[in-house]
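Welcome, and thanks for opening the viewer. Please keep the sequence panel at hand, and let us walk through the model one selection at a time.

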Amino acid sequence: MRRPLLAGNWKMHYGVSEGVALVEALSADLTDLNDRDVLVCPPFTLLGSLAPLLDGTAVALGGQNMHYEAKGAFTGEIAPQMLKELGCSYVILGHSERRQYFGETDELINRKAHAALANGLKPIVCVGEVKAERDSGQAESVVVGQLRGSLAGLSAEQLRSVVIAYEPVWAIGTGDTATPADAQAMHARIRAELAALSDQATADAIIIQYGGSVKPDNVDELMAQPDIDGALVGGASLKAADFIRIVRFK
Ligand SMILES: O=C[C@H](O)COP(=O)(O)O
C-alpha cells in the first residue's frame, strides 16, 4: 500500500550541462514506472534548468534544504515558495551533513518541516545515529529523539505528507551499509514512534526511506524488508546507469 520512493540527492555535485545530461538519461529511460516514485534533488543552481526538462516525466524534482521564512534578510538562503516556483514537490530537511557541518538542530528542522508543509512541499526529514552512538547502544534513542523533535506539532494529516529518511551517519558515503536486518529493525522502531505520534493507520501510510551507501548491488535486499519503502541515494545517484538500476529494484 505504500508506494516506494527512490530519491537521488546530488549534494554539491554537477553544473548545468552535467545535470541536464543526467536528467535526460533518467527521463528517457524511466518511462514505464507505475508502482514507484522517482525524485532527484540537485543543487539549487540547477533547478531552473532542469524543471522544464522534467515537466511531464516520471521524475520529480526536490530541493536539498530551505529556510523556514517566506522572505527576508537571510543572505544565502532559499524560501519555500522559491522551490515551489521552480517545480519542486519535495525538500530534504535535516540531512546529517546539514546537522554536522551547519549546526542544524531538531528545533530548526521542525520549523522547516512546518514551513514546507504550509507551502505544499513534502519534507523528507532525515534522521540517523553516528557510529559512536550505535556502538554504545544508543542508536534507537537518538533516532527517536530526532523524530520527536523534528516532527513536533505536526498533525496526523500533515504526517501523511512527510517522508522519513533513516540514514545511519556511519553508512553515508563510506560503502558501509547497515545490514538489511539492522535497517529493518530501525525502520520498524521508527514506524512504531510515528504511530505513537499519530495513530497506526497514519504510521502505516508514511514512507520511510533508507539511506547510506545504497548501490545497485544492495538495493534489492534492502527494499525486500517490510518497513523499507524507498532509498535516499547519494553517490550512486550521480551515474544514470546506477540510479536507474536502483530505481528498478526487484
Ligand atoms: O542523502 C544521501 C545520503 O547521504 C547517502 O549518501 P551515499 O549514498 O553517498 O552514501
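## Start in the core

Select Ile 124, Val 125 and Ile 164: these have the most contacts inside the largest nonpolar core, which has 71 residues. A nonpolar core here is a set of buried Ala, Val, Leu, Ile, Met, Phe, Trp, Tyr and Cys residues joined through C-beta atoms within 7 Å. A residue is called buried if 20 or more other C-beta atoms lie within 10 Å of its own, exposed if 12 or fewer, and partly exposed in between, with C-beta atoms placed from the backbone. Now colour β4, which gives the most to this core, with five residues.

Stay with Ile 164 for a moment. Beyond its neighbours within four places in sequence, Ile 164 is in contact with Val 125, Val 127, Ile 190, Ile 206, Ile 208 and Gln 209. Contact means that the two C-beta atoms, placed from the backbone, lie within 7 Å.

A word on what you are viewing: this is a predicted model, in which local features need pLDDT of at least 70, side-chain atom pairs count only at pLDDT 80 or more, and totals for chains, interfaces and linings use all residues. Residues are numbered from 1 along each chain as its sequence is written. The mean pLDDT (the predictor's confidence in each residue, from 0 to 100) of the chain is 97, and 100% of its residues reach 70 or more. The model scores ipTM 0.99 and pTM 0.98.

## On to the annotated active site

Which residues does UniProt place under "active site"? Select His 95 and Glu 167, as listed in an unreviewed entry. They span 73 residues in sequence, yet no two of their C-alpha atoms are more than 8.5 Å apart, so they gather at one spot. UniProt positions are given in the numbering used here, feature names are shortened, and annotations may be inferred rather than shown by experiment.

- His 95 sits in the loop between β4 (88–93) and α4 (96–102). His 95 is buried, with 27 other C-beta atoms within 10 Å.
- Glu 167 sits in the loop between β6 (163–166) and α9 (180–197). Glu 167 is buried too, with 26 other C-beta atoms within 10 Å.

These helices (H or I, at least four residues) and strands (E, at least two) are DSSP runs, numbered from the N terminus. Next, show what Glu 167 touches: setting aside residues up to four places away in sequence, these are Ser 96, Cys 126, Gly 128, Ile 172, Gly 211, Gly 212 and Leu 232.

Select Gly 234, in the loop between β8 (230–233) and α12 (240–247). Is Gly 234 buried or exposed? With 21 C-beta neighbours inside 10 Å, Gly 234 counts as buried. Away from its neighbours within four places in sequence, Gly 234 is in contact with Asn 9, Lys 11, Ile 172 and Gly 173.

End the tour at Gly 235, which lies in the loop between β8 and α12. Gly 235 counts as partly exposed, with 19 C-beta neighbours inside 10 Å.
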